[in-house]
Amino acid sequence: MKFGVHLLANLTPEWNRQYIQYEYLKDFLDKAIHQSVILNEKSRLEEYFCHVDEEFFQFCEKEVTKINTFFAEKLAEAMRRFTTLKDEIDYRKLIYGENCSNDKCSVSFIHKTNRIGISNGEAKLMKQMSRFVPDRLFQDKRRLSSVKTLKLAFSEYYLMLILLQKYQLLNFTGFVKILKKHDKLFQTTRGEQFRKSHIETAAFYTSTKVTELIRDVEKIYTNELESGDRTRAMKRLRVPPLEETQSASVTFRLGIFIGILGVLIPLLIILIIILRKSQSGAVVRWRDGFHLYRSSFLIILQIILTGINVYGWSSSGVNHILIFEIDPRNHLTYQQLLEIGTCLCVLWSFSFIAFLITSYLDYYPFVHPLIFVIFLFVFFFNPFPILYHSARCWLMKTLVLVFTAAFHPIRFADNWLCNQLTSLELAFYDCEYYFCFYFSNSDWWKTNLIASSLPSGIFCTGWTKFLLQAFLLAIPSSLRFTQCVRRYYDTKAKYPHLLNAGKYAMGFTVAITNSLRRASMSLNETYSTNPKTNPFIYLWIITALINSTYKLIWDVKMDWGLFHKNAGENRFLRDHIIYSSKNYYYYGIVQDLFLRYSWTINIFIQFHTEAAEYADVIGFVFGLLELIRRFSWNFFRLENEHLNNCGRYRAIRDISIKPISTDIDFMAVNQKSNIRFRRKKDEKELINENEENLKKVTK
């Protein structure tokens with residue numbers, strides 16, 4: 001493999017601007033040789049090569065300075081973090097004793113100190129130990145972190161050290177390769193001399209502190225947190241590769257589910273077309289069934305599209321693991337997400353087909369949609385350690401944080417998940433239909449439903465029905481509104497948080513005016529026969545236009561960071577883009593424009609009552625279009641977040657054991673980077689290989 005490809009495959013994307021610009025130097029040398037062919041005179045050729053050499057080595061010196069500076073910053077940060085972690089270990093040993101590697105120690109100590117007061121207990125300890133224990137061990141009263149948190153902090157710190165060691169190796173190898181290429185092309189030894197005088201003496205190469213820290217972490221983690229069990233310790237500290245090896249069984253099951261869907265979807269469409277009446281002659285109520293099934297299908301489709309998003313992020317180097325702050329050693333791959341989505345889609349198809357067949361047989365057809373919805377709730381909320389339990393727990397915890405946004409700081413994952421919910425407004429809207437169909441209609445199990453058997457409860461007819469629909473429709477926007485206000489409360493920054501809150505406040509207005517429009521059309525005969533006289537239609541159109549324009553501008557400018565004034569050659573985009581083609585961005589902008597205003601089709605439907613008959617199907621189509629828009633939005637939103645993170649050079653998540661009082665932004669203790677290894681290796685093997693490679697490269 002060529003080194004340029006190897007470098008791109010193994011670098012840490014958050015640090016990508018801090019690596020040797022190998023491709024630039026390689027192109028520089030190639031262009032210099034190509035240009036030299038034009039020069040025939042020997043004197044001019046020598047002068048040209050002298051000028052090229054001077055420029056080449058000056059650039060190399062700047063690169064060495066850049067790399068040394070960055071390495072020194074990260075090493076200083078690593079040393080500070082190590083002191084913090086080691087202090088925590090020492091503190092726990094003082095408080096809980098030498099042999100305490102589980103959370104029972106914390107519980108025991110807290111139980112004891114609750115009798116006398118924690119502050120008094122700590123004061124006594126400080127007085128007794130002040131002669132021989134550093135004061136910093138007692139400066140923070142919030143040090144009683146759990147062993148689980150401490151282990152997590154050590155494992156993520158270990159990951160940081162591995163990345164930093166890899167950074168040393170890649171940069172040194174890059175210089176060796178490019179200098180050898182220089183000497184070969186120019187038939188000189190100046191490159192070798194530069195390597196000996198500048199590279200082999202550079203701090204980023206000569207420093208062995210990272211390797212020492214790695215071994216110290218392994219020793220401390222094994223002895224203090226795993227009771228001397230090195231095998232278990234190294235398993236916990238394992239460094240995950242970016243290029244995740246997909247499970248063969250998952251790939252096989254995914255293929256099976258896709259194949260089954262290839263049969264079931266056409267079969268479902270055929271049954272809808274041919275089963276128009278039951279065997280008793282009653283009309284098959286497939287439209288009611290469709291209304292009951294459409295929201296669950298959109299949720300399943302969202303899972304599938306998210307799986308494709310994850311594939312795109314991973315393959316392009318967008319570090320979604322860090323951004324979402326999920327466990328780098330235990331999370332769903334894109335194939336596992338697709339497996340879940342396609343499996344649920346297969347079950348959804350079977351359920352809908354069962355509904356159609358039992359409708360034809362006049363045998364309790366509406367039991368099937370209810371059973372499927374109950375199954376979905378059981379699947380996502382069951383507490384047993386099966387069916388990707390840790391991933392489901394992460395989702396449930398994040399959902400709780402979304403619905404309680406007013407009471408805690410907002411993470412990016414909370415923000416992102418709430419945005420996904422805003423694209424599933426139809427599912428919230430359909431909750432009213434579910435409730436009224438199954439709880440206010442005593443004859444819902446029959447096939448031959450008639451008008452008199454339709455829902456008739458207080459929330460299922462009249463104005464209260466439309467008010468409930470408006471309330472449900474506004475829930476996702478209200479959650480995002482709350483998040484924006486909370487962000488303002490935490491940061492005191494009116495821009496952009498209050499401006500963003502205004503965007504979601506417009507969502508409330510659209511939900512209200514839309515409900516007024518539909519209610520007036522349904523309950524007022526004059527408006528239903530002559531829609532042009534309905535003032536609520538025009539009020540709805542005005543608010544919806546403002547809302548769509550507001551959101552379109554925010555999508556492109558704020559969420560995606562496009563139309564940057566310093567975009568350079570990336571016209572209308574931004575100076576730094578990750579995805580391979582600029583056309584993806586232009587397509588995303590145009591798509592967002594059309595889909596943000598796709599609701600205008602409803603204006604045509606409003607004035608044509610024949611089309612209004614299929615409002616449930618049209619609403620489903622709008623729901624599909626919104627998911628497609630959100631699918632594209634996810635790619636550019638995560639890319640923008642990733643690039644902002646790159647500006648802070650944060651390659652791993654920061655899990656704090658105790659607050660660090662400093663004005664310096666030391667950023668790194670915790671989560672997986674998009675580092676790509678050729679294969680998954682044992683940590684000890686990886687460390688030894690890095691050390692051996694550093695020695696071999698110099699030979």
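A residue counts as buried when its relative accessible area is under 20%, as exposed when over 50%, and as partly exposed in between (1.4 Å probe, protein chains only). Trp599 is buried, with a relative accessible area of 13%. The model is predicted, so local features need pLDDT of at least 70 and side-chain atom pairs count only at pLDDT 80 or more, while totals for chains, interfaces and linings use all residues. Residues are numbered from 1 along each chain as its sequence is written, and side-chain values use heavy atoms, without hydrogens and water.

**Aromatic pairs**

- The whole structure holds 49 aromatic pairs; rings of Phe, Tyr and Trp (its six-membered ring) pair if their centres lie within 6.5 Å, and planes under 30 degrees apart count as stacked, over 60 as edge-to-face and the rest as tilted.
- Phe437 and Tyr438 form an edge-to-face pair, because their ring centres are 5.1 Å apart and their planes stand at 75°.
- Both Phe437 and Tyr438 are buried.
- Trp540 and Trp599 are also edge-to-face, because their centres are 5.6 Å apart and their planes are at 70°.
- Trp540 counts as buried, at 4% relative accessibility.

**Nonpolar cores**

- A nonpolar core is a set of buried Ala, Val, Leu, Ile, Met, Phe, Trp, Tyr and Cys residues joined through side-chain atoms within 4.5 Å.
- The largest nonpolar core has 85 residues, of which Trp313 and Leu356 touch the most other members.
- Beyond its neighbours within four places in sequence, Leu356 is in contact (heavy atoms within 4.5 Å) with Leu268, Leu271, Ile272, Leu275 and Trp286.
- Another core, of 62 residues, lies apart from the largest one, and its members include Phe28 and Ile89.
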